[in-house]
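Subject: Structure for your review

Dear colleague,

Please find below the structure that I am handing over to you. My findings follow it, arranged by topic.

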Amino acid sequence: KTAEPDKYAWIGWHGGECPVPGDTLVSCRCRNGEKFTDPAYLLEWGSNGPDDPYSIIQYKVVEE
């Protein structure tokens, strides 16, 4: 029997369109190490390049 993947685990992110419905509560980690927890529609999902300290590099669903 295989374990099901944890849908609340950290997921790597490289920029693009928001990967979850806008009202989903997510935690994200930015390149500079800061963490935020907000509804997905409030976050900037696109990458502003490798020099942007606020680019999201990981996210996880907190609550759907």
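The protein chain has 4 strands and 0 helices, and its elements follow the order β-β-β-β from the N terminus on. Please bear in mind that this is a predicted model. Buried residues account for 23% of the 64 residues in the protein chain. The accessible surface amounts to about 4600 Å², and carbon and sulfur atoms hold 50% of it. Of the contacts between residues at least 6 apart in sequence, 57% join residues at least 24 apart.

The sheet

The 4 strands make up an open sheet with antiparallel pairing, in the order E1-E4-E2-E3. E1 and E3 are at the edges and have a single partner strand each, so one side of each lacks a neighbour in the sheet.

Taking the pairings in sheet order, strand E1 (residues 11-12) is joined to strand E4 (residues 56-63) by 2 bridges, and the two run antiparallel. Here Ile11 stands opposite Tyr59 of E4. E4 is also joined to strand E2 (residues 25-30), again antiparallel, through 6 bridges; within this pairing, Ser27 stands opposite Lys60 of E4. Finally, 5 bridges connect E2 with strand E3 (residues 35-39) in the antiparallel sense.

Leu25 belongs to strand E2. Is this residue buried or partly exposed? Its relative accessible area is 24%; buried would require under 20%, so Leu25 counts as partly exposed. Leaving aside residues up to four places away in sequence, Leu25 touches Thr37, Asp38 and Pro39, together with Lys60, Val61, Val62 and Glu63.

The nonpolar core

In soluble globular proteins, nonpolar side chains tend to be buried together. Which residues form the largest nonpolar core here? It has 10 members: Trp13, Val20, Val26, Cys28, Ala40, Leu43, Trp45, Ile56, Tyr59 and Val61. E2 and E4 are the elements that contribute two or more residues to this core, and E4 provides the largest share, namely 3 residues.

Aromatic residues

A pair of aromatic rings is described by the distance of the centres and the angle of the planes. The count of aromatic pairs comes to 3. In one of them, Trp13 and Trp45 are edge-to-face, at 5.5 Å centre to centre and with 85° between the planes. Trp13 is in the loop between E1 and E2, whereas Trp45 is in the loop between E3 and E4, so this pair ties together parts that lie 32 residues apart in sequence. Trp13 and Trp45 are both buried.

The rings of Trp13 and Tyr59 have centres 5.7 Å apart and planes at 90°; planes over 60 degrees apart count as edge-to-face, so this pair falls in that class. Because Tyr59 lies in strand E4 and Trp13 in the loop between E1 and E2, the pair links parts that are 46 residues apart in sequence. Both of these residues are buried as well. Trp13, Trp45 and Tyr59 form one aromatic cluster.

The contacts of Tyr59, not counting residues up to four places away in sequence, are with Ala9, Trp10, Ile11, Trp13, Pro19, Val20, Ser27, Cys28 and Trp45.

Two further sites

The charged end of Arg29 sits over the ring of Trp10, at 3.8 Å from the ring centre. Arg29 is also among the residues that Ser55 touches; beyond four places in sequence, the contacts of Ser55 are Arg29, Cys30, Arg31, Ser47, Asn48 and Gly49. Ser55 is located in the loop between E3 and E4. With a relative accessibility of 2%, Ser55 counts as buried.

Yours sincerely

Notes. Residues numbered from 1 in each chain as written. Predicted model: local features only at pLDDT ≥ 70, side-chain atom pairs only at ≥ 80, totals over all residues. Heavy atoms only, no water. Pairing = 2+ DSSP bridges. Buried < 20%, exposed > 50% of the residue type's maximum accessible area, 1.4 Å probe, protein only. Contact = heavy atoms within 4.5 Å. Areas by Shrake-Rupley, 256 points an atom, 1.4 Å probe, with all protein chains shown as cover. Core = buried A, V, L, I, M, F, W, Y, C linked by side-chain atoms within 4.5 Å. Phe/Tyr/Trp six-rings, centres within 6.5 Å; stacked < 30°, edge-to-face > 60°. Lys NZ or Arg CZ within 6 Å of the ring centre and 35° of its normal.
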